[in-house]
Amino acid sequence: MLHQNSAALPLWLKLLFSAWILFWAPSFALMLGVQNYFWLCNVASFLILVGLWWESRLLLSMQWLSVALVGAFWTLDVGIAWLTGVHPIGGTEYMFDPEHPPLARGLSLYHLILPLVAGFAMVRLGYDRLALWWQTALTWWVLLLTFLFAEPERNINWVRGPFGAPQEILEPLPYLIMLAVAWPLLIYLPVHGATCWLQGRRRLR
């Protein structure tokens, strides 16, 4: 399932991203605890690193689905909140919380970087259409592990309620199932469709 082309991705990108992970990963662990790694965007960081070095079209395509739309929503929410004080989407309030470690808030700007790195990989390697199914399976597994082992009050991956807030309308398990269905449908499928369309147009040229 791995696509390898040793000349496709530049060495400087691999080294720079590796240096970032070596700084970011232990910093987050010290400030926020290892449970923070359950976040899908943090899982994506590690898998992008592996994908860059393996030059795996499938693995990088999976993480493109994971970070493209989420990164755009995160940037939109932070940007509007910074300008107006209002969070139109929610979930990024921690970026303006003075009790949240300043370094952790600064390092969270990686939400801007991950889509650029994964997008660059898509241009160089192409998009693997199987990514939608593999990323969906990975997401279901991560959501289950988060639900079972992460502290409920942290609401990592929103397994206890949407947009970072706990919900009490549904029982925990039905809500988790609904989340597992909604995530690929609302987050991954639009990116998958747009990427396939763009890739098709590129081939026609």
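Student: Where is L60 found in this predicted model?

Tutor: L60 lies in helix α3.

Student: Why does L60 count as buried?

Tutor: Its relative accessibility is 0%. Buried means under 20%. So L60 counts as buried.

Student: Which residues does L60 touch, leaving out those up to four places away in sequence?

Tutor: L60 touches L9, I48, G51, L52, A121, M122 and L125.

Student: How are two packed helices described?

Tutor: By the angle between their axes and the distance between the axes. Take α2, residues 40-54, and α3, residues 57-84. Their axes come within 9 Å and cross at roughly 155°.

Student: What makes α2 roughly antiparallel to α3?

Tutor: The angle does. Angles over 145 degrees count as roughly antiparallel. The crossing is at roughly 155°. Therefore α2 is roughly antiparallel to α3. The crossing of the two helices is left-handed.

Student: Which residues of α2 and α3 meet?

Tutor: In α2 they are L40, A44, L47, I48, V50, G51 and L52. In α3 they are L59, L60, Q63, S66 and V67. The residues of this contact divide into nine nonpolar, three polar and no charged.

Student: What makes C41 and C196 buried?

Tutor: The cut-off again: buried means under 20% relative accessible area. C41 has 15% relative accessibility, so C41 counts as buried. C196 has a relative accessible area of 11%, so C196 is buried too.

Student: How many disulfides are there?

Tutor: A disulfide needs a pair of cysteine sulfur atoms within 2.5 Å. By this rule the count is zero.

Notes. Residues are numbered from 1 along each chain as its sequence is written. This is a predicted model: local features need pLDDT of at least 70, side-chain atom pairs count only at pLDDT 80 or more; totals for chains, interfaces and linings use all residues. Side-chain values use heavy atoms; hydrogens and water are left out. Axes are lines fitted to C-alpha atoms, for helices over the stretch in contact, and angles run from 0 to 180 degrees between N-to-C directions. Helices (H or I, at least four residues) and strands (E, at least two) are DSSP runs, numbered from the N terminus. Angles under 35 degrees count as roughly parallel, over 145 as roughly antiparallel, 65 to 115 as roughly perpendicular and the rest as oblique. A crossing is left-handed if the near helix is turned anticlockwise from the far one by less than a right angle, and right-handed if clockwise. Contact means heavy atoms within 4.5 Å. Ala, Val, Leu, Ile, Met, Phe, Trp, Tyr, Cys and Pro count as nonpolar, Asp, Glu, Lys and Arg as charged, and the others, Gly among them, as polar. Buried means under 20% relative accessible area, exposed over 50%, partly exposed in between (1.4 Å probe, protein chains only).
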